[in-house]
Amino acid sequence: MMQIKPWVRALAMYEPGRPIEDVARDYGFGPDEPIVKLASNENALGPSKRALRAIRDAAATVHLYPDGGSFRLREALAKKLDVRPSQIAMGHGSNELLALLGHAFLEPGTNIVMADGAFVVYRLVADLYQAATLAVPMKAFTHDLDAMLAAITPATRLVFIANPNNPTGTMVDGPAIARFMERVPAHVAVAIDEAYVEILPPDRQPDTLRYAREGRSVFVLRTFSKTYGLAGLRVGYAVSSEEGVGVLERVRQPFNVNSIAQAAALAALDDDAHVVRTRRMVGSGLAQMQRAFRAHGLDFVPSVANFILVKVGRGREVFERLQRRRVIVRAMDGYGLPDYIRVTIGTKTENEFFLEQLRLVLAERTQP
Ligand SMILES: *Cc1c(COP(=O)(O)O)cnc(C)c1O
C-alpha cells in the first residue's frame, strides 16, 4: 500500500469548466453540432493575430530550453506597468503564482483571510499547505474589506482580494483598497488577484501597482489567460517588491514559463487594439445578457467582468440541461450558490444561442 499523507488524501480538487471535447464525447455530439463553451471566462474573440504569428515563429526553436528568466517579457511588462523588471515574477498561469505564495508563506498553524464568495483556489492553496482559511462573508456579493481587516489574526500570513472577483463579477474601487492598505498589519502580505482587470476601462482600474512601487507587502497577480486570450498557454505574473519577487523566484521551477508562451505573451502585450475590441465585445455582451435576464424576470449580479452570475434555481440541473443542448456554463453549488449559474460573455451569436437554450430549459422545467 502506498503511504500517502492522510491530509493529502483528503484534499478537494478544483472543478474546472468542462472542455468541449469531453462534452462532445459524453453526449455523442458530432462535428456538425458545435458546442458553445461559456464556462471558463476565456476571450471569445480568441488570441491576438500578433500572438498567433509569434507562436508560429517560436515553434521552430522548441528544441531549446526557454529563457528561465523571461527576460524580454519582463522588460516589456515593466515598461508598460512602470515598475522595474526585478519587481515582476512570471508564473505558469497566475494559478501557479497562487500556489507559490502558499509554498512561501503557509504552514500548519497559519491562516489566510479571503472573502467566502471569492475564487475558490485560495482555499485550495491554504489546504495544500495545511493552513486554515478564514472566509469572511461578502456584502451584496462584494468583498467586505473592513470585515476582512477585522478577521486578521497574528497567524494570518496572506489576505486574498480578487478584484474584480470571480465568480461574482463585482469589484472594490481604488479608494476602498487604499483604506485597506493603510490599516492592514505589517505582518500580512496582501495578494490582489487582478485576473480580469484589463477588461475594465483604464480609468476604472484601481492603481494597485503603486503599493508594489512603494515596497509594500503586496503581490498584484495578473494573467494572459482572460483578456489577452492565451489561457491555453499558461502565463501569469506577479508584481511585488524586489523582496517579494525574490521569494517567488526561490520557490518556482527553473523553466515554469515555456518559450511559446513567452513569445505569445510578448506579442499580445503589444496588441492594444485587441484588448479594446475585447472590452467592447464584453460591454455589449453584458448588456445583451442583462437585458434578456430582466425580460425573463431572472435575478442576476451586475458584473464588471466578462462573466455574470444569474439565478436560475437548481443551478446544477440547469447546467446539465444546458450541456445536453450544447452549451457549457458553470454550476455554482461549490461556491454555496446552488441556485445560480455563471456564464461567460461570448460573441453576440454565442450569447444568443445560450439565451435561447436557457429559455427552453427553464420552460421545460416548469412543465408538469
Ligand atoms: C482565471 C483566474 C485565475 C487564473 O488564471 P490563470 O492565469 O489561467 O492561472 C486567477 N484568478 C482568478 C480570480 C481567475 O478567475
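Strand β10 (residues 307-311) and strand β13 (residues 340-344) run antiparallel and are joined by 5 bridges. Two strands count as paired if DSSP finds at least two bridges between them. Strands themselves are DSSP runs of E with at least two residues, helices are runs of H or I with at least four residues, and both are numbered from the N terminus. Within this pair, Ile-308 stands opposite Val-343 in β13.

This is a predicted model, in which local features need pLDDT of at least 70 and side-chain atom pairs count only at pLDDT 80 or more, while totals for chains, interfaces and linings use all residues. Residues are numbered from 1 along each chain as its sequence is written, and side-chain values use heavy atoms, with hydrogens and water left out.

The β10-β13 pair belongs to an open sheet of 4 strands, ordered β9-β10-β13-β12, with antiparallel pairing. Its edges are β9 (300-301) and β12 (330-331); each has a single partner strand, so one side of each is left without a neighbour in the sheet. Strands of a sheet pair through backbone hydrogen bonds, either parallel or antiparallel.

Now turn to the other sheet. Here 7 strands form an open sheet with mixed pairing, in the order β2-β8-β7-β6-β5-β3-β4. β2 (88-91) and β4 stand at the edges, and each has a single partner strand, so one side of each is left without a neighbour in the sheet. Neighbouring strands of this sheet are turned by 20° against each other on average, direction ignored. The angles are taken between axes, which are lines fitted to C-alpha atoms (for helices, over the stretch in contact), and run from 0 to 180 degrees between N-to-C directions.

Strand β3 (residues 111-115) pairs with β4 in the parallel sense over 5 bridges. Ile-112 has Thr-133 as its bridge partner in β4.

Next comes β6. Which strands does β6 pair with in the parallel sense? One is β5 (residues 156-162), joined to β6 by 5 bridges. There, Leu-158 stands opposite Ala-189 in β6. The other is β7 (residues 218-223), which pairs with β6 over 4 bridges. In that pairing, Ala-191 has Phe-219 of β7 as its bridge partner.

Is β6 enclosed or open to the outside? 5 of the 5 residues of β6 (residues 189-193) are buried, so the strand is largely enclosed by the rest of the structure. Buried means under 20% relative accessible area, exposed means over 50%, and partly exposed lies in between (1.4 Å probe, protein chains only). Both faces of β6 are covered. Ala-189, Ala-191 and Asp-193 are buried on one side, and Val-190 and Ile-192 are buried on the other.

β5, helix α8 (residues 174-183) and β6 make a right-handed β-α-β unit. Right-handed means that, with the strands pointing away from the viewer, the path from the first strand over the helix to the second runs clockwise. The loop between β5 and α8 holds Pro-164 and Pro-167. The peptide bond from Asn-163 to Pro-164 is cis, with omega near -10°. The bond from Asn-166 to Pro-167 is also cis, with omega near 15°.

Gln-130 lies in the loop between α6 (121-128) and β4 (132-136). Its phi is positive, about 60°, although Gln-130 is not a glycine. Gln-130 is partly exposed, with a relative accessible area of 35%. Ala-140 is found in the loop between β4 and α7 (145-151). Ala-140, a residue other than glycine, has a positive phi near 50°. Ala-140 is exposed, with a relative accessible area of 67%.

Finally, the start of the chain. Met-2 is found in the segment before α1 (6-9). Met-2 counts as exposed, at 64% relative accessibility. Met-2, Ile-4 and Val-8 form a nonpolar patch on the surface, with about 270 Å² of accessible area together.

By contrast, Leu-73 lies in helix α4 (residues 71-81) and is buried, with a relative accessible area of 2%. The C-alpha atoms of Leu-73 and Glu-33 are separated by 39 Å, and the two residues are 40 residues apart along the chain.

Methods. Patches are made of residues with over 30% relative accessible area and no salt bridge: like charges are joined within 9 Å, nonpolar side chains (Val, Leu, Ile, Met, Phe, Trp, Tyr) within 5 Å. Accessible areas come from the Shrake-Rupley method with a 1.4 Å probe; for residues, only the protein chains shown count as cover. A salt bridge is a side-chain nitrogen of Lys or Arg within 4 Å of a carboxyl oxygen of Asp or Glu.
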